[in-house]
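Dear colleague,

I am passing on a structure that you have not worked with before, together with some notes on it. Please look at the sequence and the structure first, and then read on.

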Amino acid sequence: MKKSLLILFAFALVSSIKVNAQIINPGFETWSVDMLVPTAMNPNGGNNTFGWWDYNFFNSSFVGSSPISVVRCSDTVRTGSYSVRLESKVYTPTSWNMYKNWGIPFIGHVYNDTLGILFNGNVNVTNQSYKPGIPCNQSLAQFKFYYQYRPKGNDTAECRVELMSAGTSVAGGVFKTSVATGNSGWQQATINFSYISGLTPDTLFVLFSATSLDHAPKAGSVLWIDDVSASLVTDASDISPENNILLFPNPSNGSFTVKFENFNSAIQSQARTIEIINMLGEIIYSAKNNGKPTCDIDISNSPRGMYFVKIYDGVKYYTKKIEKQ
């Protein structure tokens, strides 16, 4: 059995306190036989349990006879006895019509028919129902995992994470790579959670994909994953929105102003880092505002939707929402 998951302090600049916590099956050591597909193994405790899930049960002739794309791996392992291997494969039209809408909570649109996906939650394969995410009432700073990747052409592997509170997004982030690891062995990926509220989360969503979710997916890309971990936020002030930061106009056409009112007067002369983050947790704009009371931002070339303005003043992080129409 692999070592217990260590939950590390969120921001190393502030403290080095370590806290223990548990993510379900973080080292992919527990596997169960799929009740619909006896040849398939899944990294969870069995049907209707919380854990890691995949689309292997669509291999059943009752639901489309699609290929098995997630398997237990024992020859490419970082620690313990097993890792998980994802290979993107083309699913049948029947199974795609069943699972396609499951992608909306994670990627904002239906899945393509080429998948090698692993996600967490509770699945009942008997009635093909899915409750996304696992219980999590802690604010997380980082999500980490080890991986090896063998892309087909210029394909892209992805990991998306999101913290939710009663169905409302609290924080999220994304990792993407198109680089083949080759002979370099296991690499560690780190996703920083970008917070949009100070709500206490109740659910953690995680999704891994061996192929691109937003562009043209490619059959044949392979992603190995092992040793998942996460880092805790232990100072709530690091993630709380700040009422003394004004954004106007809001909504805007993409051009707006950030105004600081009574913003940590002890360090008014210091530079503030300002980042604009999209719903996937990707930084689309970054600048430094050197002690000025206002900062003009232009993201007019970005798509319409909700964005987050994240500001670091050298001591704390502050987050506000901005809507681009």
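Is Ser65 buried, partly exposed or exposed? Ser65 is partly exposed, because its relative accessible area is 41%, where buried means under 20% relative accessible area, exposed means over 50%, and partly exposed is what lies in between, computed with a 1.4 Å probe on protein chains only.

Before going further, please keep in mind that this is a predicted model, in which local features need pLDDT of at least 70 and side-chain atom pairs count only at pLDDT 80 or more, while totals for chains, interfaces and linings use all residues. Residues are numbered from 1 along each chain as its sequence is written, and side-chain values use heavy atoms, with hydrogens and water left out.

Ser65 lies in the loop between strand S5 (50–53) and strand S6 (70–73); strands (E, at least two residues) are DSSP runs, numbered from the N terminus. Asn25, also not a glycine, has a positive phi of about 50° and is placed in the loop between strand S2 (18–20) and strand S3 (32–33). Asn25 counts as buried, because its relative accessibility is 12%. As background, most residues other than glycine have a negative phi, and most peptide bonds are trans.

One joins Phe248 and Pro249, with omega of about -10°, and Pro249 sits in the loop between strand S20 (245–248) and strand S21 (255–260). Another joins Asn250 and Pro251, with omega of about 10°, and Pro251 is likewise found in the loop between S20 and S21.

Leu36 belongs to the loop between S3 and strand S4 (41–42), and it is partly exposed, with a relative accessible area of 30%. When its neighbours within four places in sequence are left aside, Leu36 is in contact (heavy atoms within 4.5 Å) with Phe57, Ser60 and Val125. Leu36 and Ser61 are 25 residues apart in sequence, and their C-alpha atoms are 9.0 Å apart in space.

Finally, a word on the cysteines. If a disulfide is taken as a pair of cysteine sulfur atoms within 2.5 Å, the count comes to zero disulfides. Cys136 is buried, with a relative accessible area of 12%, and Cys295 also counts as buried, at 9% relative accessibility.

With kind regards

Note on methods. Helix = DSSP H or I, 4+ residues; strand = E, 2+ residues; numbered from the N terminus.
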